[in-house]
Structure formats: structure tokens, C-alpha cells
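Student: Hi! I have a new structure open and would like a hand getting my bearings. Could you walk me through it?

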Amino acid sequence: MRVKRDDLKSLIQTKLQKAGLNAEHAEVAADVLTFADERGIHSHGAMRVEYYAERIAKGGMNTNPDFKFEKTGPATGVFHGDGGNGHTAAKLAMDEAIKMAKESGVAIVGVKDISHSGAISYFTNQAANADLIGFSVCQSDPMVVPFGGAEPYYGTNPIAFAAPSSDGRMITLDMATTVQAWGKILHARSKNESIPNTWAVDGNGEPTTDPLKVNALLPISGPKGYGLAMMVDVLSGVLLGLPFGNKVSSMYENLSEYRKLGQLHIVINPAFFTALTGFKNDITQTMEDLNEIKPAPGFSKVLYPGQNNDVVIEDYKENGIEIVDDIYEYLKSDVIHNNQYDHKNPFAE
């Protein structure tokens, strides 16, 4: 099923409002979710709507939060989310970080007590669109075995980065610290597809290709991904005085309770370190240099980070965004949710 961007965003916004989210927050959430889908990151797009709708309807997201930004230093601050929509809180917090970085050269803003905020490259792109460098990390519920362990402790704990070029493009990175994000498992389930045996393990700690048997995810590159997950947890959890490690609340448990997640934005103003024009020209040169590198066997071209997303966006602009039929039918229906997410095992079907 192919859907035009504006139509998809409208369907998502309408569904979230029917679940109880106010129009302003629903619009931001819909924009973040559509942002993911139009880049082919379907694990963080429309397929998440029913989960959000169920949590909203059951009271697990504050639909009238008292958002507050507390400036704690010349270039630091904390955005208090009050259990509200994570997409909106993270966006507003990045707005504050951008203002400070424009004035001070750098900004570090913690975002605390929020719900899931989706694809975090949305927020680093905010910075890049303002001629700044954006870096963001956030917590996720424990579903990843640490290197050498047999039980989950950390979450997928993603990292995002974006920097502007001289021609409107940007270098972007948005990655989980696991081989794949949990949303990829959900996407495989929704399409009844198998997964590579390097993504996850079953209840016995053995690699599995069946997304329905997944009991925990694997960190990327073993001890390196494990270390990155620890770093993200410290920066977005411990640093903000929030639950950390295996104490982080589950996305799919206790949907009537606020999640209290944390996120950290770091914004750097290149103009405080070098000439902005030269910086952006060098980013463009980096992109061109990478594209000109001799490709390895089996590859037609070396892509700069984020370039594949640009290709997908162009296709979807012309032909519509690809959405699983069942998800599209759910968005069009009057159903708010099917009570399928509120359970104690986040890996259960």
C-alpha cells in the first residue's frame, strides 16, 4: 500500500487525537512518525501508532503535561516532560538547545520524564537545518543482553548525529546500539518475515531467525555495542536522575503508568570553531569524496551516511510511502486499539 506523505500524517494525527492526545502534540508525533516512514525506517513509523494509542487511552501518557524548561547554566538545561508525549518534548527541548548553541556555541539539554520519542534523527536534523551539529541519545527499555550475559540489562539505546552541508543535504546517523532495533523485530512480525540469526536470541540464549521467538536482542559488535549502550544509559538516565539499566520501564508493560524516560541533546555551533561556510563546504566535500571511492565487490557505490534515506524519500515523494496494508486499514478504521500491547512480556506476540 502506497500513501502520500500528507495523507499518512493526517491519518496518524487523527488516530492519536481520537485516543486522547491533544491536537498540537498529535501533530508533532505524527510528523515524527511520518519522518521515519518516508525514510524507510518503518520500525519507527505508522506501525507504532496502535501502541501509542493504547498507552494514551489507558492513561500511560500525560495528555496535558506541564512542560517546563529549566536553564541550569550558560549552555545547559533540563526540559521536564511531566510524563507527556516524548516526540513533542524532545522537539521542544531541541528548540531550546538550538537557541543556546546559537548564543553560546554549544548546548547540552536533558529531557526527562517523557514517553517514547521515536526516530531520534528527527531531532538532530532540527539542529542541522539550523546550521548546527546535532547529537542525541536516549534510553530504551531493557531487552538487550550485555556482552557475556544471558539476561537483558540495557535497552537498544540509540544514538543520532547530523551535520549540515553547503547544498541543503546533511550527513546523518541514527543507529541502535544493537544489531537491530526492536522495531525491526516488530516489522518482521507484521510482514511474517524471518530475521537474520545475528539479531537476537531466544529464551535459551540461542540465535533465532523467528521474530516470534525473540527473547533478547544482541549488542552490535559484541563488547563495543555493549559499551555504547552503557554510555547512552549514563548520559540519558543516570545523568538526569532517572531509572537506569534494567530499572527502565518497559514499553509494553503497565500501559496505565507514565514511563519516565530520558534523552540528551548536544548541539554544537560550527561557527564558534571555524568558518561556517568552510565547514559546510567540507561536509559537502566529504559526501563527494565518499561517493567517489572505489566500491567493493557487490556494491555499485559508496554512500555517505544518510544518503540511502535521501534515495527512499525521493521515491516516496513520487510514488507514496509504503505502508503495510493491515496498518493502513487500522489507521482508517474507528478502532483505537486491540488491547494487544499491555502485557508483561515485551517479546510476546
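This is a predicted model: local features need pLDDT of at least 70, side-chain atom pairs count only at pLDDT 80 or more; totals for chains, interfaces and linings use all residues.

Student: Which domains does the domain assignment give the protein chain?

Tutor: It gives domain 1 (2–178 + 219–274 + 316–332) and domain 2 (179–218); such bounds come from an automatic or database domain assignment. The C-alpha centres of domain 1 and domain 2 lie 22 Å apart.

Student: And how many residues of each are in contact?

Tutor: 18 residues of domain 1 are in contact with 14 residues of domain 2, where contact means heavy atoms within 4.5 Å.

Student: New topic: how much space lies in the largest pocket?

Tutor: About 1,100 Å³. Of the 49 residues lining the largest pocket, Ile-41, Ala-119, Ser-121, Asp-174 and Asn-309 are the closest to its centre. A pocket here is an open set of points on a 1 Å grid over the protein atoms alone, where a 1.4 Å probe fits and protein lies on both sides within 12 Å along at least five of seven lines; lining residues have an atom within 4 Å of a point. The volume is the space filled by probe spheres set on the points, which are joined across faces, edges and corners.

Student: Which helices and strands supply at least two residues of that lining?

Tutor: Helix H2 (23–37), helix H5 (121–129), strand E7 (170–175), helix H6 (182–190) and helix H9 (307–319) each do. Helices (H or I, at least four residues) and strands (E, at least two) are DSSP runs, numbered from the N terminus. Domain 1 and domain 2 each give at least three residues to the lining.

Student: Back to charges: how many salt bridges does the structure hold?

Tutor: There are 14 salt bridges, each being a side-chain nitrogen of Lys or Arg within 4 Å of a carboxyl oxygen of Asp or Glu. One of them joins Asp-315 and Arg-2 (3.4 Å, N to O). Asp-315 lies in helix H9 and Arg-2 in strand E1 (residues 2–3), so this pair ties together parts that are 313 residues apart in sequence.

Student: What about Glu-38 and Arg-39?

Tutor: Their side chains also meet in a salt bridge (3.1 Å, N to O), and both Glu-38 and Arg-39 are buried.

Student: Last topic: where is Thr-172, and what is Thr-172 in contact with?

Tutor: Thr-172 sits in strand E7 and is buried at 13% relative accessible area. Leaving aside its neighbours within four places in sequence, Thr-172 is in contact with Asn-125, Phe-161, Ala-162, Pro-305, Gly-306 and Asn-309.

Student: And where is Glu-54?

Tutor: Glu-54 is in helix H3 (residues 49–57) and counts as buried, at 0% relative accessibility. Beyond neighbours within four places in sequence, the contacts of Glu-54 include Leu-255, His-337 and Tyr-341.

Note on methods:
Residues are numbered from 1 along each chain as its sequence is written. Side-chain values use heavy atoms; hydrogens and water are left out. Buried means under 20% relative accessible area, exposed over 50%, partly exposed in between (1.4 Å probe, protein chains only).
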